[in-house]
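Please look at the sequence and the model first.

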Amino acid sequence: MAGPIVIVGAGMAGANAAKTLREEGFDGPLTLVGDEPEPPYERPPLSKGYLMGKDERDSAFVNPLEWYADAGVELRLATRVERIDRQARRVVLVGGQELPYDKLLLTTGSSPRPLPVDGAHLDGVRYLRTLADSDRLKETIAASSRIAVVGAGWIGLETAAAAREAGVEVTVLEMADLPLLRVLGPEVARVFADLHRAHGVDLRLGISVAELTGDDGRVTGVRLGDGSHVPADAVVVGAGIAPNVGLAQDAGLDVDNGVTVDEHLRSSDPDVFAAGDVANALHPVLGKHIRVEHWANARHQPRTAARAMLGRDEAYDRIPYFFTDQYDLGMEYTGYVEPGGYDEVVFRGDRESGEFVAFWVGGGRVLAGMNVNVWDVADAIEALVRDGGPVDVTALADPDRPLDSLLKG
Ligand SMILES: Cc1cc2nc3c(=O)[nH]c(=O)nc-3n(C[C@H](O)[C@H](O)[C@H](O)COP(=O)(O)OP(=O)(O)OC[C@H]3O[C@@H](n4cnc5c(N)ncnc54)[C@H](O)[C@@H]3O)c2cc1C
């Protein structure tokens, strides 16, 4: 029987790795350790259907609870790993218990960045990462008549949409000149600004947050850099996330914006692997290391890591993909563009109509595409991104030209 495998981090990536290991025939001891009390679950519903009370709690779980026992996976919940002893090939749990490993997978995910201002710890200040956070936020939204959201990233905007749908007044405060500006660029970021304003959000851009104000330990609003005050019954912070690299760092693994791994998801220690939000992986198609903080990555990357742990190396070369739902806008984004790293955005369909595809084009190639309320085109967009151009931008903008007819190959 093969030596023990330990997976640290019982989120989506950890659960999917365990599944693949059993599917691939690994029959040795397999332990999945997570510090949350819940079995592994998917996070997207926490800012969408679950937060709005439309989805059941159980629908977020990656596997039914009995799957772990049936598959012989020892699921250690509410259990935190304190450190990794690479010399002795053991992980040490809080409390001192040690788990030996032959191969180790880190799927420790990421955590919200705290807001670095006075008042950030007042009662009524909410972050959103866990099921428990979502439960608390749901109660907060129900009990509030106005909330402020700090940060117009995906989490902030989805929360704003959920709160508006619950009839709450929402002010969104963003440092940049548009929401999602770094990710999307001004051409498409504007779509999200318009969307939220059309749904009654007071979207304030180009602002700075000086402090969160409070009364008797409870938040009362946000003081802006210009001295003005935005009153709020609660403040939701969506200021980005940071990868949970502490264990890897302390164990002396290479860490640089995540655990540095190769295209097989192997770290600087050949017996230690990383996948999901925490992995900064060499991407063979893009030719650089990237760290992807999205669902599809946490779903697919663990398969490559699990296979590599069994000596079946294959490169992880999926094109990054993510999605969002806000009000009546559903979109998928496929590709990868560095902030500002494109020449133009080409629109197929009318932006104002709310149904279109946007393509980021650079060096004559399609770098990424985003379909908004247009479905069944993500595979064609992925093919265009992989294709590597050159692409005819006039044809790209023409809805009558099938996307696959634009492939050069
Ligand atoms: C509210 C929300 C909405 C989202 N919506 C979307 C979306 O619409 N589309 C999309 O593409 N992506 C979305 N995402 C992102 C997606 O959910 C993440 O990319 C995905 O959850 C990453 O999975 P992971 O398993 O790598 O990490 P995580 O889900 O973070 O899981 C890591 C687990 O490891 C645990 N852990 C960390 N350190 C230790 C330790 N020392 N010991 C034990 N356990 C430890 C953590 O507590 C956590 O439970 C959303 C995320 C959030 C929070």
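Predicted model: local features only at pLDDT ≥ 70, side-chain atom pairs only at ≥ 80, totals over all residues.

The elements that give two or more residues to the shell are helix H1 (12-23), helix H4 (154-165), helix H8 (295-309) and strand S22 (321-326). In total, 36 residues surround the ligand. The closest are Asp35, Glu36, Arg43, Lys48 and Asp277.

Sorted by class, the shell holds 15 nonpolar, 12 polar and 9 charged residues.

## A sheet of three strands

Elsewhere in the chain, an open sheet is formed by 3 strands in the order S13-S14-S15, with antiparallel pairing. Strand S13 (209-215) and strand S15 (229-231) stand at the edges, and each has a single partner strand, so one side of each is left without a neighbour in the sheet. From one strand to the next, the twist averages 30°.

S13 pairs with strand S14 (residues 218-224) over 6 bridges, in the antiparallel sense. Within this pair, Val209 stands opposite Leu224 in S14. In a regular strand, side chains alternate between the two faces of the sheet.

Is strand S20 (residues 279-283) largely enclosed or left open by the rest of the structure? Of its 5 residues, 4 are buried, so S20 is largely enclosed by the rest of the structure. Buried here means under 20% relative accessible area.

S20 runs parallel to S18, and 3 bridges join the two strands. In this pairing, Ala281 in S20 is the bridge partner of Val261. S20 also pairs with strand S21 (residues 288-290), again over 3 bridges, but these two strands run antiparallel. There, His283 stands opposite Lys288 in S21.

S20 and S21 form a hairpin with 4 residues between them. Gly287, in the turn of this hairpin, has a positive phi of about 70°.

## Positive phi in two loops

Which residue in the loop between helix H7 (246-250) and strand S18 (259-261) is considered here? That residue is Asn257. Asn257 has a positive phi of about 50°, although it is not a glycine. Its relative accessibility is 46%, so Asn257 counts as partly exposed, a class that lies between under 20% for buried and over 50% for exposed. Strand S18, at one end of this loop, is the strand that runs parallel to S20.

Arg89 lies in another loop, between strand S4 (81-85) and strand S5 (90-93). Phi of Arg89 is near 50°, a positive value in a residue other than glycine. With a relative accessibility of 32%, Arg89 also counts as partly exposed.

Key
Residues numbered from 1 in each chain as written. Heavy atoms only, no water. Near = heavy atom within 4 Å. Nonpolar A, V, L, I, M, F, W, Y, C, P; charged D, E, K, R; others polar. Pairing = 2+ DSSP bridges. Axes fitted to C-alpha atoms, helices over the stretch in contact; angles between N-to-C directions. Buried < 20%, exposed > 50% of the residue type's maximum accessible area, 1.4 Å probe, protein only.
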